[in-house]
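Visitor: I would like a short tour of this model, by question and answer. Please keep it brisk.

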Amino acid sequence: MLNEGLCCGAWAMKGTLLLVSSVGLLLPGVGSCPMKCLCHPSSNSVDCSGQGLSKVPPDLPPWTVTLLLQDNRIHWLPALAFQSVSLLSTLNLSNNSLSNLAAEAFYGLPHLRVLNVTQNSLLSIESSFAHALPGLRELDLSSNSLRILPTSLEKPWENLTVFAVQQNHLLHLDRELLEAMPKVRLVLLKDNPWICDCHLLGLKLWLERFTFQGGETDGAICRLPEPWQGKALLSIPHELYQPCSLPSQDLAPSLVQQPGSAPQDAQKSHENSSGQQDPLECEAKPKPKPTNLRHAVATVVITGVVCGIVCLMMLAAAIYGCTYAAITAQYQGRPLASARKSEKMGSKELMDSSSA
């Protein structure tokens with residue numbers, strides 16, 4: 001049934017494409033190639049790269065499946081920027097001047113599979129991005145100025161398989177964002193100034209499970225704190241992460257304990273310039289929780305095995321001692337019995353001789 005559904009979907013896509021192409025041939029005003037662009041009807045691609053464009057061409061052919069807009073000066077995408085090319089599957093917007101990626105700009109693109117927005121000036125992306133592009137499979141946000149990513153998405157990104165954010169300015173990445181990508185198989189994170197503190201522990205745990213299940217990643221290299229500078233996030237043991245303090249928007253980054261930092265340094269940072277102690281110091285801190293259930297289970301199992309071996313050794317020693325004592329008593333009893341028998345025989349001979 002699944003194969004029949006895929007075949008029907010493919011034929012429907014081809015039929016729609018053929019219909020749109022036919023309309024473009026019958027109506028000269030529809031589907032004409034934009035100025036400064038090269039149109040290839042045989043491959044359903046339009047190449048507008050490197051033409052100094054400041055906006056998306058408005059008269060794109062409706063049969064366009066691949067649109068190349070890289071190496072231009074596009075700095076803004078209006079709502080429904082690609083509504084005339086609803087069959088679009090691959091969109092390349094790399095090396096432009098985009099600082100924001102509004103979800104509304106990509107409405108009406110149900111077939112978009114690959115989106116490349118590398119080498120722009122993006123500062124963030126919206127949490128509704130997955131809702132606008134539910135069928136997207138590859139998203140490349142590399143070489144931008146991203147400082148923060150959404151902590152979660154409005155809906156799971158069910159079909160995304162490639163997620164690339166290397167060469168940005170990311171300090172942290174929330175685990176919930178990656179958990180909203182159930183089919184992702186490649187995650188690229190390198191060349192970001194990662195702060196490997198308690199807030200990045202969730203990412204570490206997710207990456208461990210991700211790689212164990214066969215996923216691929218280039219890893220995250222720590223920039224701070226100093227003890228972990230230049231080390232891979234996955235190489236830092238769980239136990240070296242200090243528990244996070246109570247969540248607060250007003251909490252300064254300097255108040256967050258880093259793995260390997262001394263408690264005295266953290267206590268000093270809570271004091272203000274007037275010498276008074278910060279009120280947050282008096283608030284109750286959450287108790288540390290076990291960071292690794294597998295270590296706890298392994299410890300219990302090993303302890304049980306050791307205790308069992310010790311008990312068996314004690315039982316063997318007891319059996320050996322009892323056996324040795326029995327054998328010793330048996331051999332020591334035989335000479336004593338022989339002596340008593342000889343003594344009795346001697347006394348009997350003495351009595352017989354006296355009576356004679």
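This is a predicted model: local features need pLDDT of at least 70, side-chain atom pairs count only at pLDDT 80 or more; totals for chains, interfaces and linings use all residues.

Visitor: How many helices and strands does the protein have?
Guide: Both are DSSP runs, numbered from the N terminus: helices are H or I of at least four residues, strands are E of at least two. By that rule the protein has six helices and eleven strands.

Visitor: What is the strand order in the open sheet of nine strands?
Guide: Strands of a sheet pair through backbone hydrogen bonds, either parallel or antiparallel. Here two strands pair if DSSP finds at least two bridges between them. The pairing in this sheet is mixed, and the order is β1-β2-β3-β4-β5-β6-β7-β8-β10.

Visitor: Which are the edge strands?
Guide: An edge strand here pairs on one side only. That applies to β1 (38-40) and β10 (216-217).

Visitor: In β4, which residue is the bridge partner of T66?
Guide: Strand β3 (residues 66-68) pairs with strand β4 (residues 90-92). The sense is parallel, over three bridges. The partner of T66 in β4 is T90.

Visitor: What share of the contacts with a separation of 6 or more comes from residues 24 or more positions apart?
Guide: Contact means heavy atoms within 4.5 Å. For the protein, the share is 53%.

Visitor: Is F210 buried or exposed?
Guide: F210 is found in helix α4. Contacts of F210 beyond four places in sequence include V184, L186 and T217. R185 is 25 residues away along the chain, yet its C-alpha atom lies 8.3 Å from that of F210. Because its relative accessibility is 4%, F210 counts as buried.

Visitor: Which backbone oxygen does the side chain of N144 reach?
Guide: N144 lies in the loop between β6 (138-140) and β7 (162-164). At 5% relative accessibility, it is buried. Its contacts beyond four places in sequence include T118, N120, Q167 and H169. At 3.1 Å, its side chain reaches the backbone oxygen of V117.

Visitor: How many salt bridges does the count come to?
Guide: A salt bridge is a side-chain nitrogen of Lys or Arg within 4 Å of a carboxyl oxygen of Asp or Glu. E179 forms one with R175, with closest N and O atoms 3.0 Å apart. K204 and E208 meet in another at 3.2 Å, N to O. By this rule the count is two.

Visitor: Is K204 buried or exposed?
Guide: K204 and E208 both lie in helix α4, four residues apart, about one turn of the helix. The relative accessible area of K204 is 1%, so K204 is buried.

Visitor: D197 is buried yet has no salt bridge; how far away is the nearest side chain of opposite charge?
Guide: D197 sits in the loop between β9 (194-195) and α4 (201-212). Its side chain reaches the backbone nitrogen of H199 at 3.1 Å. Lys and Arg count as positive, Asp and Glu as negative; His and the chain ends are not counted. The nearest side chain of opposite charge is K204, at 13 Å.

Visitor: What is the phi of N44?
Guide: N44 lies in the loop between β1 and β2 (45-47). It counts as buried because its relative accessibility is 14%. N44 is not a glycine, yet its phi is positive, at about 55 degrees.

Technical notes. Residues are numbered from 1 along each chain as its sequence is written. Side-chain values use heavy atoms; hydrogens and water are left out. Buried means under 20% relative accessible area, exposed over 50%, partly exposed in between (1.4 Å probe, protein chains only). A polar contact is a pair of N or O atoms within 3.5 Å; within protein, one must be able to donate a hydrogen and the other to accept it, and residues adjacent in sequence count only if both atoms are side-chain atoms.
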